[in-house]
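This briefing covers a ligand site and a disulfide. Please read it alongside the sequence and the 3D view.

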Amino acid sequence: MRFSYFTLLAAATSVAASPLKNAKRSSSFEWFGASESGAEFGSGNIPGVYGTDYIFPSTSAIQTLIDDGMNIFRVTFLMERLVPTTMTGSFDTEYLSNLTNVVNYITEAGAHAILDPHNFGRYYGSIITSISDFQTFWENVAKKFASNSLVIFDTNNEYHDMDQTLVFDLNQAAIDGVRAAGATSQYIFVEGNSYTGAWTWTEYNDNLVNLTDPENKIVYEMHQYLDSDGSGTSSTCVSSTIGQERVESATQWLIDNNKVGVLGEFAGGVNTVCEEAIVGMLDYMEENSAVWKGALWWAAGPWWGSYIFSMEPPSGVAYTGMLSTLEPYFA
Ligand SMILES: *[C@@H]1O[C@H](CO)[C@@H](O)[C@H](O)[C@H]1NC(C)=O
Ligand SMILES: *[C@@H]1O[C@H](CO)[C@@H](O)[C@H](O)[C@H]1NC(C)=O
């Protein structure tokens with residue numbers, strides 16, 4: 001998600017949803033879940049104040065989503081809060097401890113927890129250019145989670161407006177750092193340039209086909225919104241077929257290159273056109289579940305208020321209005 005969170009707290013369209021949830025069935029996806037947002041809020045205030053600028057996700061809300069059937073959560077955080085001095089420097093032990101508590105809660109429940117530095121390929125506002133510093137950052141982080149095979153390392157959220165070779169090199173450095181830490185059992189989610197958009201993946205990110213991992217556990221994380229500019233800032237979807245249309249070329253890329261992907265962020269407004277577009281997209285992805293391992297809604301988290309896509313129980317707009325549409329796709 002690319003825009004400042006506080007500009008996103010727009011009034012939600014309220015559309016009555018059926019209180020009846022669809023009967024659960026298992027899909028052929030391996031994972032279905034949501035981003036757990038909060039620790040990256042207030043990115044204009046570094047380090048910021050806990051409880052004022054940022055918050056950690058609520059474990060009881062996560063438990064509700066687990067009880068509903070979700071089995072993967074992407075835990076967002078800021079690199080500047082985790083390693084405040086330099087990228088290779090020591091951790092803020094309290095921030096690390098709060099982050100670790102959330103991750104451990106999720107994995108002790110048997111779900112996957114994705115560590116997501118929500119940094120857009122930047123540190124203190126500047127594009128990360130030191131490949132070796134970035135590798136050390138990841139080696140240091142992965143050491144803390146090396147024994148937990150339900151953790152997933154997401155190299156960085158939504159690289160954009162960056163040199164394409166740099167995006168490749170940063171992803172490869174993250175993979176190398178994680179493996180050097182002795183974290184060998186975990187999946188690594190790599191992201192691409194241009195906000196890792198599925199709809200533009202083949203245009204920008206073809207070179208990422210050459211990323212290598214000795215453990216062979218790379219998953220290509222793409223994001224896709226269904227509003228006109230693909231930014232995820234409007235509750236209006238382009239059409240009821242836009243979901244499938246926007247992931248088709250990326251799906252073909254995964255097939256052609258014998259890779260696997262995950263839709264790490266997606267959302268649409270609570271209305272009939274978006275619901276049809278989402279169902280069409282997920283049906284298509286499920287037909288191609290040989291290459292799509294799953295999908296994560298953007299987003300849950302305690303501070304979304306009336307945000308158009310809020311998946312936070314018990315009263316988030318999407319939790320009350322969209323969950324029953326998504327449930328048939330749960331793993
Ligand atoms: C960590 O969480 C506790 C509440 O559990 C809070 O008091 C503290 O300020 C947090 N620290 C950081 C650095 O996030
Ligand atoms: C991948 O690497 C091979 C071998 O170096 C190279 O020929 C090819 O052009 C690369 N693919 C892309 C898409 O960059």
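**Disulfide and ligand site**

The link of Cys237 and Cys274 is right-handed, with 110 degrees about the S-S bond. This is a predicted model, in which local features need pLDDT of at least 70 and side-chain atom pairs count only at pLDDT 80 or more, while totals for chains, interfaces and linings use all residues. Residues are numbered from 1 along each chain as its sequence is written, chains are lettered from A and ligands numbered from 1 in the order in which they are written, and side-chain values use heavy atoms, with hydrogens and water left out.

**Disulfide**

- The structure holds one disulfide (a pair of cysteine sulfur atoms within 2.5 Å).
- The sulfur atoms of Cys237 and Cys274 are 2.1 Å apart.
- Distant parts of the chain are linked by this pair, 37 residues apart: Cys237 is in the loop between β8 (218–225) and α7 (242–256), and Cys274 is in helix α8 (residues 272–287). Helices (H or I, at least four residues) and strands (E, at least two) are DSSP runs, numbered from the N terminus.
- Cys237 and Cys274 are both buried (under 20% relative accessible area, 1.4 Å probe, protein chains only).

**Ligand 1**

- Around ligand 1 are Tyr50, Tyr54, Phe56, Glu94, Tyr95 and Asn98, each with a heavy atom within 4 Å of the ligand.
- An N or O atom in the side chain of Tyr54 is 2.9 Å from an oxygen atom of ligand 1.
- For Asn98, a side-chain N or O atom is 2.4 Å from an oxygen atom of ligand 1.
- A nitrogen atom of ligand 1 lies 2.7 Å from a polar side-chain atom of Glu94.

Definitions and conventions: A polar contact is a pair of N or O atoms within 3.5 Å; within protein, one must be able to donate a hydrogen and the other to accept it, and residues adjacent in sequence count only if both atoms are side-chain atoms. Buried means under 20% relative accessible area, exposed over 50%, partly exposed in between (1.4 Å probe, protein chains only).
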